[in-house]
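Dear colleague,

I am handing over the structure we spoke of, and it is placed just below. My notes on what was found in it follow.

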Amino acid sequence: YVRDGNLAAEAYEIRILESVIVIKFSDEAGRFYAHQTLSQLAEAEVMYCGVIKDAPRYEWRGLMLDEARHFFGKDQVIKLLDLMARYKMNRLHWHLSDNQGWRVEIKAYPQLATVGGVGCLSDRKAPAKYYTQDEIREIVAYAAARHIEVIPEIDMPGHALAFTKVFPELNGGKKTVNPAKKELYVVLETIMRELSTLFPGRYIHIGGDECPKIRWEKCPVCQAKIKELGIKGDEHHSAEHYLQSYTISRVEKYLNERGRSIIGWDEILEGGLAPNATVMSWRGSAGGEEAVRQGHDAIMVPNSHFYFDYYQSLDVDNEPFGIGGYIPVDLVYSYEPYTEKMTEEERSHILGIQANIWTEYIKTEDHLQYMLLPRMTALSEVQWCQRENKDWDRF
């Protein structure tokens, strides 16, 4: 083993000689990825002499698991982390709250888990299912040993039915919270403080997607808050869009002051982007392209290429029942985030690429594995390989 400071972060070199293998690495992640490559080569039973020089294209190589809809449990998450490590992925985005369930224990508000975690799409009378804080610490430590950062997502201000089941006084209608209630921010800040102790990484995902604001238009408290803030609608967005931006920015300010950064789905662009937010572009690539034009970081997760709950085959009669869509493995492999119009500065703000596996229609381990593979292997090459090194025939 040779530590080489001239190599880039996460990079490694392997020299396979007749009597010895020499590994050079820049950091512990590089050493780990070299071991993954050697273990894959060893599976072929014959290891040829040669030199491998390798480094990732993107800093963010992610996969999102939704456990708000269907809960899989610690053992399945550990298996997923092992798969991610094999394919050199380094970000697990963990979707832990939505309308159908709240899956993380919060000591200050235990009913979020014990009441908000009751039921799921397939069995609404099922007992509460959630992760205790000890289980989360165990999973986070297991991931860290494999150089994977775990990013929790608590979805706000929409997708909030599990939350408002516990806090009905904060209900904003149409599956949203009421962004004008000052008590909301006391609760959110308490939740974020506990999450920060459980997840030591830089990022916390705060959702921000698919938030219906129609009830806010008729809510006197919301309208009073809009007036107080001097918010006005314009040709781009309604006043209620700007009220959502106020909510996102307020949570961001709290987390920034504690050394954390937020990520939100691309809807957080609407009404003005919070100052330091990272955009996760899911409605195609346009949201990410707009974010980098504004000087913000972006992670590309377009549903056109990376929604792994979509069908893999057009023969849907012989596929497990699903949400629809069609994303075969070659479509995953074909994705390229850079456009000709992007400047080098804009390209530098694309942190990387991620696939999402939403689980409204996925409730078993076998079904989850089926939807992941082999598309996950194509995803790993899009995340890792330089564009000129990608080759569909070779893959």
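**Sheet, salt bridges and a charged patch**

An open sheet is built from 4 strands in the order S1-S3-S2-S4, and its pairing is mixed; strand S1 (2-3) and strand S4 (50-54) are the edge strands, each pairing on one side only. Please bear in mind that the model is predicted. Within this sheet, strand S2 (residues 12-16) and strand S3 (residues 21-25) are paired in the antiparallel sense over 5 bridges, and Arg15 stands opposite Val22 in S3.

The structure holds 23 salt bridges. One of them joins the side chains of Arg91 and Glu59 at 3.7 Å, N to O, and this pair links distant parts of the chain, with Arg91 in strand S6 (residues 91-95) and Glu59 in the loop between S4 and strand S5 (60-66), 32 residues apart. Arg91 is buried, because its relative accessible area is 10%, whereas Glu59, at 41%, counts as partly exposed.

Glu365 and Lys79 also meet through their side chains in a salt bridge, at 2.8 Å, N to O; here Glu365 lies in helix H13 (residues 365-372) and Lys79 in helix H2 (residues 74-86), 286 residues apart. Glu365 is partly exposed at 33% relative accessibility, and Lys79 is partly exposed at 40%.

On the surface, Lys174, Lys175, Arg215 and Lys218 gather in a patch of positive charge. Lys174 is found in the loop between strand S10 (171-173) and strand S11 (176-177), and counts as partly exposed because its relative accessibility is 42%.

Key:
Residues numbered from 1 in each chain as written. Predicted model: local features only at pLDDT ≥ 70, side-chain atom pairs only at ≥ 80, totals over all residues. Heavy atoms only, no water. Patch = residues over 30% accessible without salt bridge, like charges linked within 9 Å, V, L, I, M, F, W, Y side chains within 5 Å. Areas by Shrake-Rupley, 256 points an atom, 1.4 Å probe, with all protein chains shown as cover. Salt bridge = Lys/Arg side-chain N within 4 Å of Asp/Glu carboxyl O. Lys, Arg positive; Asp, Glu negative; His and termini not counted. Charge placed at Lys NZ, Arg CZ, Asp CG, Glu CD. Helix = DSSP H or I, 4+ residues; strand = E, 2+ residues; numbered from the N terminus. Buried < 20%, exposed > 50% of the residue type's maximum accessible area, 1.4 Å probe, protein only. Pairing = 2+ DSSP bridges.
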